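Let's take a friendly walk through a protein chain together. Have a look at the model below, and then we will go from its overall fold down to a few single residues.

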Amino acid sequence: LGLIYIETNNEEAAIEEFKKAIGILPDYTDAHWELGKAYLKTGKKAKALKHFEVVVEKDSNIERKREALNYIEQLKY
């Protein structure tokens, strides 16, 4: 549902859906990834950073980890 909200430019609703998913499955890195991107779109950089860090720590997808690291580097400076 969060992805549908992203597609319809309703980031605030998407954020709520991704937060629900993480509440049920805290290590679900797909939701952390999408939540980080949604927070970026809404200008909440500190919150986005937190979720990208989870992706780097827990995701098994090497490419996504690299992308998350790129976001982290940009957000820290």
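## A chain of helices

The order along the sequence reads α-α-α-α-α. Because its radius of gyration is 12 Å, close to the 11 Å that the globule rule gives for 77 residues, the chain is as compact as a globular protein of that length. That radius is taken over C-alpha atoms, and the rule is 2.2 Å times the number of residues to the power 0.38. The C-alpha trace spans about 25 × 25 × 20 Å along its principal axes.

Keep in mind that this is a predicted model, in which local features need pLDDT of at least 70 and side-chain atom pairs count only at pLDDT 80 or more, while totals for chains, interfaces and linings use all residues. Residues are numbered from 1 along each chain as its sequence is written, and side-chain values use heavy atoms, with hydrogens and water left out.

Which residues have the most contacts inside the largest nonpolar core? They are L35 and F52, in a core of 17 residues. A nonpolar core is a set of buried Ala, Val, Leu, Ile, Met, Phe, Trp, Tyr and Cys residues joined through side-chain atoms within 4.5 Å. Helices α2 (11-24), α3, α4 (45-58) and α5 (62-76) each supply at least two residues of this core. Helix α3 gives the most to this core, with 5 residues.

## Meeting a few residues

A contact here means heavy atoms within 4.5 Å. In the chain, 35% of the contacts with a separation of 6 or more join residues 24 or more positions apart.

| Residue | In contact with |
|---|---|
| F52 | W33, G36, K37, L40, A68, Y71, I72 and L75 |
| I15 | L35, A38, Y39 and T42 |
| E34 | L3 and F18 |
| E17 | L1, G2 and Y5 |
| K76 | L49 and E53 |

I15 sits in helix α2. Is I15 buried or exposed? I15 counts as buried because its relative accessibility is 2%.

E34 belongs to helix α3, residues 29-41. With a relative accessible area of 16%, E34 is buried too.

E17 is another residue of helix α2. Between E17 and L1 there are 6.7 Å from C-alpha to C-alpha, and they are 16 residues apart in sequence. K76 lies in helix α5; K76 and D27 are 49 residues apart in sequence, with their C-alpha atoms 23 Å apart.

## A look at the charges

How far apart are the mean positions of the positive and negative charges? They are 4 Å apart, for 13 positive and 14 negative charges. Lys and Arg count as positive and Asp and Glu as negative, with His and the chain ends not counted. Each charge is placed at NZ of Lys, CZ of Arg, CG of Asp or CD of Glu.

Notes: Helices (H or I, at least four residues) and strands (E, at least two) are DSSP runs, numbered from the N terminus. Buried means under 20% relative accessible area, exposed over 50%, partly exposed in between (1.4 Å probe, protein chains only). Lists of a residue's contacts leave out its neighbours within four places in sequence.
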